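Please read the briefing below alongside the sequence and the 3D structure. It is grouped by topic.

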Amino acid sequence: MQSFDIVIAGGGMVGLALACGLAGGGLRIAVLEQQPAPADKPDDEPALRVSAINAASESLLRHLGVWHDIVARRASPYNQMQVWDSDSFGKIHFSGADFGYARLGHIIENPIIRQALWRRASQLPDITLLPSVALQQVAWGENEAFITLRDGTMLTARLMAGADGAHSWLRQHADIPLTFWDYGQHALVATIRTQQPHQSVARQVFHGSGILAFLPLSDPHLSSIVWSLAPEVAAERAEEPAEAFCRQLAVTFDTRLGPCQLVSERQTFPLTGRYARSFAAHRLVLLGDAAHTVHPLAGQGVNLGFMDVAELIAEIKRLQREGKDIGQHLFLRRYERRRKHSAAVMLAGMQGFRTLFDGDHPAKKLLRDIGLQLADNLPGVKPALVRQAMGLNDLPDWLSQ
């Protein structure tokens, strides 16, 4: 039986970031991951799943020593955002340069972030990476958790961290209730080549019951799209001939970048909001998608998870300094309180935003158009929105120093 201080369930971006952030502090850390170890090099073609990494998450990744590796592979900085309501006058434009920022964030493929974090974790002597394994049983003892894997391996941990995704086995096994709601949409993702260059601008258009985002990739003519649609429409768009799909895509996007060409497969997945009733329990803490999932319209899902990581790193290091038991629920409540608040604010904001921009009712359309115009023109509104988009309001003190 192997003994660890912390066992992290989930070797995705959030779980690996936690492991790297806790390394070097005298803790023995294990990361359990169901999938094999990621390839060391990115594919030639861009991955379909990307993240809009904001300034706060960039700060964390720099601190973990992986940022240089990430941007050396493929990352697209953007410093402008354009949002508009289709067939109407509502629009807003953000430019980081207007407020003294070199960039608003980066669009980065998820596998590239994960590869960099896995490579970093594999270089740290106090981290044990266990790919291609699955949890079978966890028993919660007074002073440690007893873990059995499907291959019969047994481990113990003073604290288990659940970073095992939206359908977290660990959360379910610990009987932590989950509040969830169906957004009534599926997201369609694909990589698109456009006739005109994207000029490193992130663009999003609201159209009737759908939301379409074009996120700039490192190639000036390639964008990753996230198209939120009614489930039956998303299924239809995913299967229709490429030429018809691209024609509809360009029309929906008001041909802002000219004709479109599909250069990847199309994938769809349902959009569901989730919020765990507890983010911590005896010998257990939840973070990332295991604790919360939000609508992708603001691109904040992984950033919210990375700030969970930043807060948990600070809390565990504080408990270590004070000689306290890192697995006691009593001592994990500060992390839980802070991150539940941040997640609740984000979930409520996204739900309200999505409800406002859902549908073509004339009164609702007028209200949102006026709202966009006011946000675009009223003094003081844009700086606050830019700070929120960059994650600067959610940045822990130790990362802002």
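The model is predicted. Strand β13 (residues 201-207) is mostly covered, with 7 of its 7 residues buried. Helices α1 and α8 have axes that come within 9 Å. An open sheet of 3 strands has the order β3-β7-β4.

- Strand β5 (residues 80-85) pairs with β13 in the parallel sense, over 6 bridges.
- Within that pairing, A202 of β13 has M81 opposite to it.
- Strand β14 (residues 210-216) runs antiparallel to β13 and is joined to it by 5 bridges.
- A hairpin is formed by β13 and β14, with 2 residues between the strands. In its turn, G208 has a positive phi of about 55°.

**The open sheet β3-β7-β4**

- The pairing in this sheet of 3 strands is antiparallel.
- β3 (50-54) and β4 (76-78) are the edge strands, each pairing on one side only.
- From one strand to the next, the twist averages 30°.
- Strand β7 (residues 105-109) is joined to β4 by 3 bridges, and the two run antiparallel.
- P77 stands opposite H106, a residue of β7.
- Helix α2 (residues 55-63) packs on the sheet and touches β3 and β7. The direction of α2 makes about 90° with that of β3.

**The helix pair α1 and α8**

- Two packed helices are described by the angle and the distance between their axes.
- For α1 (residues 13-22) and α8 (residues 301-321), the axes come within 9 Å and cross at roughly 25°.
- Angles under 35 degrees count as roughly parallel, and α1 and α8 are therefore roughly parallel to each other.
- Their crossing is right-handed.
- On the α1 side, the contact is made by M13, V14, A17, L18, G21 and L22. On the α8 side, the contact is made by V302, G305, F306, V309, L312, I313, I316 and K317.

- Most residues other than glycine have a negative phi.
- S200 is not a glycine, yet has a positive phi of about 55°. S200 lies in the loop between β12 (178-194) and β13.
- The relative accessible area of S200 is 29%, so S200 is partly exposed.
- T255, also not a glycine, has a positive phi of about 45°. The place of T255 is the loop between α7 (242-252) and β16 (260-262).
- T255 counts as partly exposed because its relative accessibility is 46%.

**Record annotation**

- An unreviewed UniProt entry places the feature "transmembrane region" at residues 6-31.
- In the model, the chain over residues 6-31 is 38% helix and 27% strand. The end C-alpha atoms of residues 6-31 are 9 Å apart.

Conventions:
Residues numbered from 1 in each chain as written. Predicted model: local features only at pLDDT ≥ 70, side-chain atom pairs only at ≥ 80, totals over all residues. Heavy atoms only, no water. Buried < 20%, exposed > 50% of the residue type's maximum accessible area, 1.4 Å probe, protein only. Helix = DSSP H or I, 4+ residues; strand = E, 2+ residues; numbered from the N terminus. Pairing = 2+ DSSP bridges. UniProt positions renumbered as here; feature names shortened; annotations may be inferred. Axes fitted to C-alpha atoms, helices over the stretch in contact; angles between N-to-C directions. Parallel < 35°, antiparallel > 145°, perpendicular 65-115°, else oblique. Left-handed = near helix turned anticlockwise from the far one by under 90°. Contact = heavy atoms within 4.5 Å.
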